[in-house]
There are 2 protein chains.
Amino acid sequence: MTAPNDFRFAELGDLNIPYNRCQLWLESFSDDITYFKMTKAVTTVDLSNTASAYYAPATVAPAGKVIHVAGQPGNLKDGSIPSDYESQIHLALLNLRRIIVAAGSSIENIVKLNLYIVNYDAANRKHTRHIQRFLRGHRPAITLLPVPQLAVPSWLFEVDAIIARPETSLPPILSNVNQTGDVVIIGAGLAGLTAAHDLLRSGLSCVILEARDRVGGKTWSAPLNGGGTIDLGAAWINDTNQSKVYALAKRFGAEVIEQNTQGNAVLEVINGKCTPFAYGELPNFDETTRQNLAQIRDMCEADCQALDTCRPDDKLLDSLTFEAYLRFRGASEVALATATVWTRAMLGQDPRDISALYFLNYCKSGGGLLQMRSDRKHGGQYLRIRQGTQAFSLGLASSLPEGIVKLCAPVHSVVQSGDQSIKVQAGGAVYAARKVITTVPSPALKSIAFHPKLPPAKQVWAESTTYGYYTKAMMEFRSPFWEKKGFCGLAQSFIGPASVVRETCSLEDRKYVLTCFMSGDPGRDWAALSTPERESSLLKQLEKLFAASNLQKEFIQMTTYEWVHDEWAGWGCPCTALTPGVIANLGGDTLRESCGNLHFAGTETAGEWKGYMEGAVRSGERAAAEVIKGLQAGISARL
Amino acid sequence: MTAPNDFRFAELGDLNIPYNRCQLWLESFSDDITYFKMTKAVTTVDLSNTASAYYAPATVAPAGKVIHVAGQPGNLKDGSIPSDYESQIHLALLNLRRIIVAAGSSIENIVKLNLYIVNYDAANRKHTRHIQRFLRGHRPAITLLPVPQLAVPSWLFEVDAIIARPETSLPPILSNVNQTGDVVIIGAGLAGLTAAHDLLRSGLSCVILEARDRVGGKTWSAPLNGGGTIDLGAAWINDTNQSKVYALAKRFGAEVIEQNTQGNAVLEVINGKCTPFAYGELPNFDETTRQNLAQIRDMCEADCQALDTCRPDDKLLDSLTFEAYLRFRGASEVALATATVWTRAMLGQDPRDISALYFLNYCKSGGGLLQMRSDRKHGGQYLRIRQGTQAFSLGLASSLPEGIVKLCAPVHSVVQSGDQSIKVQAGGAVYAARKVITTVPSPALKSIAFHPKLPPAKQVWAESTTYGYYTKAMMEFRSPFWEKKGFCGLAQSFIGPASVVRETCSLEDRKYVLTCFMSGDPGRDWAALSTPERESSLLKQLEKLFAASNLQKEFIQMTTYEWVHDEWAGWGCPCTALTPGVIANLGGDTLRESCGNLHFAGTETAGEWKGYMEGAVRSGERAAAEVIKGLQAGISARL
Ligand SMILES: Cc1cc2nc3c(=O)[nH]c(=O)nc-3n(C[C@H](O)[C@H](O)[C@H](O)COP(=O)(O)OP(=O)(O)OC[C@H]3O[C@@H](n4cnc5c(N)ncnc54)[C@H](O)[C@@H]3O)c2cc1C
Ligand SMILES: Cc1cc2nc3c(=O)[nH]c(=O)nc-3n(C[C@H](O)[C@H](O)[C@H](O)COP(=O)(O)OP(=O)(O)OC[C@H]3O[C@@H](n4cnc5c(N)ncnc54)[C@H](O)[C@@H]3O)c2cc1C
């Protein structure tokens, strides 16, 4: 199959507006969809001045069943509780989520929350951030009560709730099957395309249903005027421990560009001072700070190496945010700011928003913190692809037989019935298969109605995954001005707007680009600006970082794509993260486990290089192997 | 009538398992029953690790009406409030109960409780016990909030609640009346049988509907191998102030055995030390302790004598638990432990669980604390019955005309309609009468659906009565080993497992038995053991108490019956008690008052010797007199 990709590129000039060709077509099916999905039944009441608050002055619960939740403290399933306040908030909200799922409802049906806070500091309302992220835009009524203590002295936060419980709807009747085969794959990213190849090779038939009008998912490469390509999604690979994705590069004749690490890197600290340092060295802080930084870095490296890649298991680490972990281990403010650059550049997250265990395991999956962060041989950012990484998916897709990949085919429902067949509805068509592999990012699972529902633990996991903020802003210049000043183009900043900058030039194409990683809180602030403001604030930062002036003259254009508005990515990128407690309470395998004839792939389910293209490919191989084994076992059993 | 009682005795060898011959037969009617009773509509949500908690992490309220209860402090109807925390908890829960009943719901429909506690002590969570007893196994969601103060400075505890209100069901249509008469009596215990005799004597017709396959209710006598009898229920009477029951003994030729008080009693104190003392004296504590003990005892005696037997009225006393009353009056720990032996031995209760007024009035009804506790002439434990006390009921029953007592006839509903007739459904049969006398213990009223509902005050009373834990363990030995050492067999213990031990030998039958009163908290702990553990822990205690060794060699068998599992006793014995505030808020007559053509008897409604067989007989006489008067008045009015 080949998708006519040309028309898309023509529009990439202004990529700031999220764009979905399938939109109109989709809406004609919306009736079908909402009748089946859990409907949001709680409505908010607002006064003239309340609409901008993250909670509502009142909500109206629908007639029907109502769930009343007992006060939930921030403890793990075994009762253990971290001493850190923010970690407790995360765990309490997770407990609330577990109950909501167990009771058959959802966040959108929360009518009322009561928050009980010990040692409340009105000047530092740490809870707001986490409650807001938990609510994902839903606005229940909330009452906050500072209290002197809670039922157990170590409890610092407790939440109780009232939640509407919508009637459970019947499964849709998917009678007119349009196509039957062995396997339906949802998603034509690297995981889905890889799985398809493996299935076909083993003699099974399959179809890939892809919501977008293109293949590649979170790899997306756009041509630049006058030649060259930029990657709006994934860009870097390496040729050693990322063997699967490197094999794809070779197979489809992609040219690799080695990341430039010659010359100085530069660090911008809290007060805005920028200091160059040799790539690979520690920035020149005072001796105490350097020692603390080295010690924290080495501790993280050691702690991550100690974890099992696939099934991380450490209750203590999972009960803490990464920030609490760092603070408990004596991280200085500089070490904390440095670690913040790590989480921002790798996940778009701030350390207080994610589980220490999750982050350390994420590092481990890429071979460790140091390797994952390295721009050199064996590192996560060693090689780029001149044609763009979407070439891998385009290559995989075009080497599949005609008719396997269905574009503009967003899956709305997956119905497993007793009769061994599993039906998938995408748009107006229904596909019946013996197995289904979904490769959709976990937050995008919400857009699919599963019947029966996914197991509670999987629902809780999928609901608990969060994206940070992460946008690459590709700044194209007339010349590599930074090189002339002895910089390799790598910069890190404690204050932003860009947290990390990397050179992404293609000398062959005479394209000189600095890719700015806009992420975490500074990224969010920057995203709130208009396009001209975004550009000028970035140019100003680049001038400071690379001791340049009047960059406006060098500047050609900025290209960005807001994955945060992309439904099919699950409203974010590059990979989800977990808040504390999810792994400890649910088990590290939860997302990956198949249920019935439904199998789970996608880079989040990977062991090695989770969150990366390499992980995506490996997850596709793993899921295909599961399916092949399952179907073959089935066959011999039936003989 | 005569019930073939022989087959029952054959099975008494292992009485530890509650046993109900009518069970199977009953179940065939269960549909009828549940359609009429208030159904439990609130469901609990549990996570994998929460099911053992006494509250649920969440509950689901059914669609329908919902009751919201304002914060209830622990005050009496007139606003007065005790300064004692636990007393306040009782009163607040009573207020909550009054509201629930007034709003037409029940404890089982509580969806959520919020507890607000001043001076909260996480290490000593006194509220748990009382909330748990209040909930009787129902598990709402609960949030506990320690607070610095409440609306009124003296309030230490407040509770608010959300409660589902089930639709009120229609009365059952009891059209096919199987039998008509003047009076239906519910229950063939001493109260019901006595009432029947009086009614017949006055020329009225009646029928007794009895749920069990035997008469006698809480009197139940079992033969021992090789002769002699033990009483699984009531055992002691006297021949002076218990004139009614003594008359029965004489009438049916029962032989009485005088309780042995010759020789030493023994006391086991907190540290496990056992000291003999002469029966009737105070144990030999130090002088201060003896003085305090005597003073507290005399104060209780004086306070109880000051009360009206039938209509006790003392707001202050009723606002306090018996424990708070004792502490306010300066009881030492030894005095408190002694008083705990009283409440345990008399009611199976601990002093913190019951109203001071209720306990003192209970004493008064038996002639005072000292008389009630006495094993000598005029005392509550002066005489036993060689044939067992069930002989009274068996005698009464067999002297009634054939067909009056219907066994295995559990009453499910009582319907009073405008046409002066009152219908009673028992199993498949319907009886119509002009009057009904119920003698069922108040907690067992729950098993009967009344239409119209009982008046709110009566419902609240019936819901507020509680049983403690109370089981007699009859330990049979080859010889009265304790007598040889100069003991009379009476022992008291502050620590248990047995709180009190009394000799219950029958020398004529060569049966040597120590009856151990397993009650209150130590009794509950003991009840959790296996039968061999129960036996050996009791033998160990008896060895200590009576300075014996190797009792296993003397030991023949242990006989117990768990009234706590007996539905027709109302799941407990020997008599219910009340928490603080019930009498003060509702009035002392509440349980006893007739409503419409429904009259209330049973030992709980007695003035004198409430809780005893004597009280049961008197209550039967009183209710019969009410009915006779009412029906005769009716006749003359119609003339
Ligand atoms: C900005 C950015 C930078 C990154 N940088 C790097 C990097 O340098 N190196 C690296 O290795 N990785 C990087 N990544 C991550 C990499 O892109 C992903 O790990 C990888 O592409 C994921 O592949 P996948 O097949 O698991 O998921 P996806 O690529 O997300 O594929 C899932 C597919 O499912 C489709 N889908 C979703 N919902 C439905 C539905 N309901 N019905 C039908 N189809 C549906 C989606 O449209 C999508 O095509 C980056 C990602 C981003 C966004
Ligand atoms: C272990 C124990 C020790 C005791 N010790 C003594 C003692 O030493 N001295 C003393 O005087 N008293 C003692 N008592 C108390 C004495 O037994 C009671 O006070 C007395 O027997 C109560 O008689 P009653 O008729 O009021 O109630 P009950 O004997 O309880 O009779 C009520 C009857 O109603 C029946 N019933 C219940 N519900 C229904 C229904 N829905 N339909 C039909 N029938 C129903 C029951 O089966 C029962 O037969 C003791 C009790 C126990 C259990």
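This tour walks through the interface between chain A and chain B.

The model is predicted: local features need pLDDT of at least 70, side-chain atom pairs count only at pLDDT 80 or more, and totals for chains, interfaces and linings use all residues. Residues are numbered from 1 along each chain as its sequence is written, chains are lettered from A in the order in which they are written, and side-chain values use heavy atoms, without hydrogens or water.

**Select both chains.** Here 24 residues of chain A are in contact (heavy atoms within 4.5 Å) with 29 residues of chain B. The buried area is about 2,000 Å², and carbon and sulfur atoms give 64% of that. Buried area is the accessible area (1.4 Å probe) that two parts lose on being put together, summed over both.

**Select A:D160 and B:K112.** Their side chains meet in a salt bridge, at 2.7 Å, N to O. The rule is a side-chain nitrogen of Lys or Arg within 4 Å of a carboxyl oxygen of Asp or Glu. The count between the two chains is one.

**Select the chain A side.** Elements giving two or more residues to it are strand 3 (65-73), helix 4 (85-102), strand 5 (141-147) and strand 6 (157-165). Helices (H or I, at least four residues) and strands (E, at least two) are DSSP runs, numbered from the N terminus. Strand 3 of chain A gives the most, with eight residues.

**Select strand 3 of chain A with strand 2 (residues 58-61) of chain B.** Four bridges join them, and they run antiparallel. Pairing takes at least two DSSP bridges. Now pick A:I67. Opposite stands B:V60, in strand 2 of chain B.
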